[in-house]
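Here are my notes on this model. Please read them with the structure open.

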Amino acid sequence: MTKFITVLIVFSFLFATQFSNAKELENSPESIHTEGGEGSVKIGDCPAACDVRCSATSHKSACLMYCNLCCKKCLCVPSGTYGNKEECPCYNNLKTQEGGPKCP
């Protein structure tokens with residue numbers, strides 16, 4: 001029973017910190033996404049921008065890996081958690097060897 005309570009507390013803590021970080025990013029004075037286009041994100045801002053982009057996926061580690069790779073190449077991450085790739089043509093045009101989209 002104590003293991004169950006401990007696990008419940010840990011998950012509650014993780015859940016609460018996930019939403020508190022999202023609110024901080026949402027209310028920050030410096031917006032990570034500035035009307036798209038190459039160069040709208042600095043390399044140092046890629047991890048934070050990709051955290052936002054990949055926040056709703058069930059494949060978070062793969063999403064973060066590819067998003068950061070694309071962000072460092074294009075210096076842009078589309079706003080939101082899905083779509084909006086027209087904001088970043090470079091990000092949108094990167095393809096896998098099979099021809100599918102490389103960037104999430």
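The points below go from the overall fold to single residues.

1. Basis. This is a predicted model, where local features need pLDDT of at least 70 and side-chain atom pairs count only at pLDDT 80 or more, while totals for chains, interfaces and linings use all residues. Residues are numbered from 1 along each chain as its sequence is written, and side-chain values use heavy atoms, with hydrogens and water left out.

2. Overall fold. The chain has four helices and zero strands. Its pattern along the sequence is α-α-α-α. Helices (H or I, at least four residues) and strands (E, at least two) are DSSP runs, numbered from the N terminus. Of the 104 residues, 24% count as buried. Buried means under 20% relative accessible area, exposed over 50%, and partly exposed in between, with a 1.4 Å probe and protein chains only. Take contacts between residues at least 6 apart in sequence: 50% of them join residues at least 24 apart. Contact means heavy atoms within 4.5 Å.

3. H2 against H3. Helix H2 (residues 46-53) packs on helix H3 (residues 60-74) at an angle of about 135°, and their axes are 9 Å apart. That makes H2 oblique to H3. Axes are lines fitted to C-alpha atoms, for helices over the stretch in contact, and angles run from 0 to 180 degrees between N-to-C directions. Under 35 degrees counts as roughly parallel, over 145 as roughly antiparallel, 65 to 115 as roughly perpendicular, and the rest as oblique. The crossing of H2 past H3 is right-handed, meaning that the near helix is turned clockwise from the far one by less than a right angle.

4. Residues at that contact. From H2 come Cys46, Pro47, Cys50, Asp51 and Arg53; they meet Leu64, Cys67, Asn68, Cys71 and Lys72 of H3. The residues of this contact divide into six nonpolar, one polar and three charged. Ala, Val, Leu, Ile, Met, Phe, Trp, Tyr, Cys and Pro count as nonpolar, Asp, Glu, Lys and Arg as charged, and the others, Gly among them, as polar.

5. The buried face of H2. Which residues of H2 are buried? They are Cys46, Ala49, Cys50 and Arg53. Seen down the axis of H2, they fall within an arc of 95°, so they line one face of the helix. The arc is that of the directions from the helix axis to the C-beta atoms. An α-helix has 3.6 residues a turn, so residues three or four places apart point the same way. The buried residues of H2 pack against H3 and H4.

6. Positive phi. Most residues other than glycine have a negative phi. Leucine 75 is not a glycine, yet has a positive phi of about 55°. Asparagine 84, also not a glycine, has a positive phi of about 60°. Leucine 75 lies in the loop between H3 and helix H4 (89-93), and asparagine 84 lies in the loop between H3 and H4. Leucine 75 is partly exposed, at 28% relative accessibility. Asparagine 84 is partly exposed, at 30%.

7. Loop pairs. Leucine 75 and cysteine 46 are 29 residues apart in sequence, and 7.7 Å apart from C-alpha to C-alpha. Serine 40 sits in the loop between helix H1 (2-27) and H2. Serine 40 is buried, at 17% relative accessibility. Its C-alpha is 8.2 Å from that of valine 77, 37 residues away along the chain.
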